[in-house]
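Here is a briefing on a few local features of one model. Have the sequence and the coordinates open as you read.

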Amino acid sequence: MPAHLRPAVPARLPAVPPTRRLTGPLALALPALLVSCTADPAAPPTPTAPPPAAAGADAARDELAALAAAAQDRHLVASYTLRGPDGPDRTILVTTAGDGSWRVDVPGGALGGGADVSLAATADGLFQCGLPSAARPEAASCVRVGDTGDALPRRLDPRVHHPFTDWLDVLTDRRSPLSVSPAQPPPGATGTCYSVETTSASINAPLDVGIYCYDADGTPTAVHTASGTLTLAGPPAPGPASVQLAGPVIDGEPLGTAAPEPTTGTL
């Protein structure tokens, strides 16, 4: 057949070399590399709610602050039974007045329990009044020991009046370093109670740790601290417009809480 009539033979393509099989570390790394390139990016972590314990502590702190604020607005005359770590029970009389003045009568509050005192704050200042007792048979009289908002000096402080006065300021202040949780009432007490601890390492704690109890209207019903347990002894009466001091104000020395030094006879 003439050459120009022969069918064209397609040109032979160069042979493709067979694919080489991957071996060694590259064979192990390649699948992981492909997965990392194609996998979806990790989703950001979902925010979690605060632990239930923390939420409960915040609720208890808010509840106690509200009750303490109601106690600040309570104007009453109430008797409390004070049961200390030693000695007989005593009756504490608390008066909070409409003008912000207050008075707390403390049997055995001075001279190591041998003298009765009354602590009071009025517009004229802070006073300690000595009441008639076996150790002090004379009539009641008062000594000014500071201004109205001053703290009672430690040597004069029986630590009984604080739950009705300055510790209420601490309980209502959310900035106070306190840890609060619900608690059972002390024996013989009623009301809603909270265990209160301080979270500050300072030696001057803002209040005494313990259990604080209130009625719904803010009436303090019980306070239990290392100093003893105060328990409401009966329904309170309405408070006066202003408190009256137990006696006239004199120039003199207040009575300290410590027992007097024993005297020795002379030959």
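What is the torsion about the S-S bond of Cys193 and Cys213, and why does it set the handedness of the disulfide? The torsion is about 110°, so the disulfide is right-handed.

The model is predicted: local features need pLDDT of at least 70, side-chain atom pairs count only at pLDDT 80 or more, and totals for chains, interfaces and linings use all residues. Residues are numbered from 1 along each chain as its sequence is written, and side-chain values use heavy atoms, with hydrogens and water left out.

**Disulfides**

- The count is two disulfides, a disulfide being a pair of cysteine sulfur atoms within 2.5 Å.
- Cys193 and Cys213 are joined with an S to S distance of 2.0 Å.
- This pair links distant parts of the chain, 20 residues apart: Cys193 sits in strand 8 (residues 192–198) and Cys213 in strand 9 (residues 210–214).
- Helices (H or I, at least four residues) and strands (E, at least two) are DSSP runs, numbered from the N terminus.
- Both Cys193 and Cys213 are buried, that is, under 20% relative accessible area, where exposed is over 50% and partly exposed lies in between (1.4 Å probe, protein chains only).
- Cys129 and Cys142 form a disulfide with sulfur atoms 2.0 Å apart.
- The link of Cys129 and Cys142 is right-handed, with 105° about the S-S bond.
- Counting bonded cysteines along the chain, the pattern is 1-2, 3-4.

**Aromatic pairs**

- There are two aromatic pairs; rings of Phe, Tyr and Trp (its six-membered ring) pair if their centres lie within 6.5 Å, and planes under 30 degrees apart are stacked, over 60 edge-to-face and the rest tilted.
- Tyr80 and Phe164 make a tilted pair, 4.9 Å centre to centre with 55° between the planes.
- Tyr80 is buried at 1% relative accessible area, and Phe164 is buried at 9%.
- Trp167 and Tyr212 pair edge-to-face, at 6.4 Å centre to centre and 70° between the planes.
- Trp167 is in helix 3 and Tyr212 in strand 9, so this pair ties together parts 45 residues apart in sequence.

**Ser101**

- Ser101 lies in the loop between strand 2 (90–96) and strand 3 (102–110).
- Ser101 is buried, with 4% relative accessible area.
- A polar atom of the Ser101 side chain lies 3.1 Å from the backbone nitrogen of Val243.

Definitions and conventions: Polar contact = N/O pair within 3.5 Å; in protein donor to acceptor, adjacent residues only side chain to side chain.
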